[in-house]
Amino acid sequence: MAYASRAFSALADPTRREIFERLSKGPRSVGDLARGLPVSRPAVSQHLRTLKSAGLVMDRAQGTRRVYQIDPAGLGEIRRWLDQFWNRALTAFQAEFEEKQEHM
Amino acid sequence: MTTIAISPAPVRRSVKVNAAPPKAFRVFTSGMGKWWPKQHSLNSKSAQQDVIVEPHAGGRWYERSEDGSECEWGRVLTWEPPARVVLAWQINGNWQYDRDFETEVEVRFVADGSGTRVELEHRNLERFGDKADEVRAAFDSPEGWNGGLQLFAKAVAA
C-alpha cells in the first residue's frame, strides 16, 4: 500500500492546494469554489474529484448542488495507514497478555 | 504564497489487557520488541531482534537488528510509569528517521477492573505533509517499508 502517496500528490498541485485551503474555511459548492479561481468550473470539479479520491475532501448533495468539505480525517491515506498499523500493533500487544495467562 | 493549516484528527486506539497498569506499562515499554510486528522495521537488510524504549525522559527509542545494527525511531518525551508515556515518532513519510521531524505517540494506562485500558493517541499528523516532495519518489521502492508491507500483505493472504 502506498503510504499516503495520493494525499501528498493531490496537494502538490497549487490549484488543488488553493481549493483545499478554501474548503478549510467551511463547506463550499463547486460554483462558490470556481468563483475567483483562474480555472474553469469543470476543471475545479476535476480537482475536487482528485482531492476526494485522495481522501482529503468529502461531498454531499444539497438540493441540486454538490457541497464539498474537508474530510475530518484529513490526510486520508496516511491516517488510515497509521490507524491500521496501530490496530495491528495493539492487538499484538494485547495478545502478549493472553499468552502469558495460558502458560500460568 | 499561502500556507495551509491541515489538522487531521489524531489516530486513537484503545485495548483492554489482563494485567494491572504497572505490568501493562512494563510490557508496552521494556517488552516492546516481543509484541511489535516484526515486519515494521526500518532495516531491510537484517531481521528485527528487539525494540528498545530507554526508561527515562529524553531516552532513545530504537530497534536493534539481528546483525547488531541499530536504527533510531525517536525518543521518550514523557516517562510517567505506570500511568503514561509519550514517545516522539521521528520516522517521516519517507520511512526514514529524521531528527527534525516529530509526531507524538501518547499512551495512557488506566486501571479498569482487574485489568488496564491502554489508550493510544498518535497526533500531529499534519507534520507528515511538510515533507511531501521528498516522500513521493520513495513509495514504489521494493526495499522500502512499502515493500515490507507488500510482503506482509502476501503472508496474510496466503
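This is a predicted model: local features need pLDDT of at least 70, side-chain atom pairs count only at pLDDT 80 or more; totals for chains, interfaces and linings use all residues.
**View 1. Chain A at a glance.** Let's start with the parts list: chain A contains five helices and three strands. Read from the N terminus, these elements follow the order α-α-β-α-α-β-β-α. Chain A has 104 residues, and 32% of them count as buried.

**View 2. The sheet of chain A.** Here three strands make an open sheet in the order β1-β3-β2, with antiparallel pairing. In chain A, β1 (28-29) and β2 are at the edges with a single partner strand each, so one side of each has no neighbour in the sheet. β1(A) is joined to β3 (residues 65-70) of chain A by two bridges, and these strands run antiparallel. To find your way along β3(A), look for Y68(A), which stands opposite R28(A). As a reminder of what holds such an arrangement together, strands of a sheet pair through backbone hydrogen bonds.

**View 3. Helix α2 of chain A and its buried face.** Helix α2 (residues 14-23) of chain A has buried residues at R16(A), I19(A), F20(A) and L23(A). Looking down the axis of α2(A), you find its buried residues within an arc of 100°, so they line one face of the helix. The spacing makes sense because an α-helix has 3.6 residues a turn, so residues three or four places apart point the same way.

View 4. α4(A) lies across β2 and β3 of chain A, and its direction is at about 120° to β2(A). Between α4 (41-53) and β2 (57-62) of chain A comes a loop that holds L56(A). Is L56(A) buried or exposed? L56(A) counts as buried because 26 C-beta neighbours lie inside 10 Å, and the cut-off for being buried is 20 or more. Now look for D71(A): L56(A) and D71(A) are 15 residues apart in sequence, yet their C-alpha atoms are 5.3 Å apart in space.

View 5. Strands β5 (residues 84-89) and β6 (residues 103-112) of chain B run antiparallel and are joined by six bridges. One pair to look for is V86(B) with its bridge partner E106(B) in β6(B). β6(B) also pairs with β7 (residues 115-123) of chain B, in the antiparallel sense, over nine bridges. β6(B) and β7(B) form a hairpin with two residues between them. In the turn, G113(B) has a positive phi of about 65°.

Technical notes: Residues are numbered from 1 along each chain as its sequence is written. Chains are lettered from A and ligands numbered from 1 in the order in which they are written. Helices (H or I, at least four residues) and strands (E, at least two) are DSSP runs, numbered from the N terminus. A residue is buried if 20 or more other C-beta atoms lie within 10 Å of its own, exposed if 12 or fewer, and partly exposed in between; C-beta atoms are placed from the backbone. Two strands pair if DSSP finds at least two bridges between them. The arc is that of the directions from the helix axis to the C-beta atoms. Two residues are in contact if their C-beta atoms, placed from the backbone, lie within 7 Å. Axes are lines fitted to C-alpha atoms, for helices over the stretch in contact, and angles run from 0 to 180 degrees between N-to-C directions.
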